[in-house]
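Dear colleague,

Please find below the structure I am handing over to you. My notes on it follow.

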Amino acid sequence: MSESTGTGTSESTGTSESTGRALQTALAYYEAWTTHDFERAMTFVADDIVCHAPAGRLDGALAFRDFMGPFSHIVTRSALIAAFGDDDTAVLMYDTDTVPVPNAPGAECLSVSDGTITQIRIIFDRAPFAAARQAADPS
């Protein structure tokens, strides 16, 4: 697996994986958004994507872009912990550092059809981000 910094560099961390088409798509998407190439990341996203995130359900590429785009811009480091998948589904687990929150782990389960992500379930802890927002604006 790889570790990416805000400069777009990656290094291997040695996790094994299968080689299904969904996994290949998920890894290409992950590599793009973690190296600040969000426009390339969006090329893997279906127009009618359904995203299940801690804040709720998002429908469509525009809603997904509005949610994920700002996050991708504050990532300063990302390390892929594990990636598994087949031709239809992939699961990624990673650890990220962001401008407001260091050590922000997350996981994604992605459904892929014809090389396009049609559904994604993102799991991460919202509490550290809420605490960072509170500390930045205590009013």
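What percentage of the 139 residues of the protein count as buried? The figure is 42%, where buried means under 20% relative accessible area, exposed over 50%, and partly exposed in between (1.4 Å probe, protein chains only).

Please note that this is a predicted model, in which local features need pLDDT of at least 70 and side-chain atom pairs count only at pLDDT 80 or more, while totals for chains, interfaces and linings use all residues. Residues are numbered from 1 along each chain as its sequence is written, and side-chain values use heavy atoms, with hydrogens and water left out.

The protein has 4 helices and 8 strands; these are DSSP runs (helices H or I, at least four residues; strands E, at least two), numbered from the N terminus. Their order along the sequence is β-β-α-α-β-β-α-β-β-β-β-α.

Beyond its neighbours within four places in sequence, Met 68 is in contact (heavy atoms within 4.5 Å) with Tyr 29, Trp 33, Phe 38, Glu 108 and Ile 122.

As to cysteines, the structure holds 0 disulfides, a disulfide being a pair of cysteine sulfur atoms within 2.5 Å. Cys 51 counts as buried, at 0% relative accessibility, whereas Cys 109 is partly exposed, at 33%.

Yours sincerely
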